[in-house]
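Keep the sequence and the 3D view open as you read.

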Amino acid sequence: MKIITFNSRDQLLRVRIDSIVGRKAATSRASVQIDTTDGYMSREHIQIDVDNGSFSVMNARNLNDTYVNSQLIANGDVVVLQHGNVIKMGESSLRFEINN
């Protein structure tokens, strides 16, 4: 199984495909929880999926904005990710990498 790596300022996150990513909190149901004080990052912020080897991200229907390479992702929109894309969740930016 491929692993998705996100580089943030102070942490390296390894995310399995078909994961929900969000802010760490006692009430978060995200499968990957980012330890941050960024109140603009939702507890369940984005969903990462794979289809035929292509990775995609979608806003997990939260009230906070998500951007890929400075382009706003509306709720329900799906964006295909490329190695090196920058995903902004709240005030936090993560870089998408694929490790085989």
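Is S42 buried or exposed? The model is a predicted one, and in it S42 has a relative accessible area of 11%. Because buried means under 20%, S42 counts as buried.

**The loop around S42**

S42 sits in the loop that links β4 and β5. Leaving aside its neighbours within four places in sequence, S42 is in contact with G22, R23, N62, L63 and N64.

R43 belongs to the loop between β4 and β5 as well. Apart from neighbours within four places in sequence, R43 is in contact with G22, R23, A25, T27, S28 and A30. R43 and V21 are 22 residues apart along the chain, and their C-alpha atoms are separated by 7.7 Å.

E44 is also found in the loop between β4 and β5, while R29 lies in the loop between β3 (19-23) and β4. A search of the whole structure finds 1 salt bridge, and R29 forms a salt bridge with E44, with the closest N and O atoms 3.4 Å apart. The two residues are 15 apart in sequence, so the pair ties together separate parts of the chain.

| Residue | Relative accessible area | Class |
|---|---|---|
| S42 | 11% | buried |
| E44 | 22% | partly exposed |
| R43 | 38% | partly exposed |
| R29 | 68% | exposed |

**The strands and their sheet**

Now step back to the whole fold. Read along the sequence, the pattern is β-β-β-β-β-β-β-β-β-β-β.

How many strands does the open sheet have, and in what order? There are 5 strands, in the order β4-β3-β5-β6-β9, and their pairing is mixed. At the edges are β4 and β9 (78-80), each of which pairs on one side only. From one strand to the next, the twist averages 25 degrees. In general, strands of a sheet pair through backbone hydrogen bonds, either parallel or antiparallel.

Within this sheet, β5 and β6 run antiparallel and are joined by 6 bridges.

**The nonpolar core**

The largest nonpolar core has 15 residues. Those with the most contacts inside this core are V21, I46, V57, L81, I87 and M89. Two or more core residues come from each of β4 (32-34), β5 (46-51), β6 (54-59), β10 (86-89) and β11 (92-99).

Leaving aside its neighbours within four places in sequence, V57 is in contact with I46, Q47, I48, V68, I73, D77, V78, V79 and L81. I46 and L81 are on that contact list, and both are also among the residues with the most contacts inside the core.

**The protein as a whole**

Buried residues make up 38% of the 100 residues in the protein. The protein exposes about 5,900 Å², and carbon and sulfur atoms supply 44% of that area. Of the contacts with a separation of 6 or more, residues 24 or more positions apart account for 35%.

How values were computed: Residues are numbered from 1 along each chain as its sequence is written. This is a predicted model: local features need pLDDT of at least 70, side-chain atom pairs count only at pLDDT 80 or more; totals for chains, interfaces and linings use all residues. Side-chain values use heavy atoms; hydrogens and water are left out. A nonpolar core is a set of buried Ala, Val, Leu, Ile, Met, Phe, Trp, Tyr and Cys residues joined through side-chain atoms within 4.5 Å. Buried means under 20% relative accessible area, exposed over 50%, partly exposed in between (1.4 Å probe, protein chains only). Helices (H or I, at least four residues) and strands (E, at least two) are DSSP runs, numbered from the N terminus. Contact means heavy atoms within 4.5 Å. Two strands pair if DSSP finds at least two bridges between them. Axes are lines fitted to C-alpha atoms, for helices over the stretch in contact, and angles run from 0 to 180 degrees between N-to-C directions. Accessible areas come from the Shrake-Rupley method with a 1.4 Å probe; for residues, only the protein chains shown count as cover. A salt bridge is a side-chain nitrogen of Lys or Arg within 4 Å of a carboxyl oxygen of Asp or Glu.
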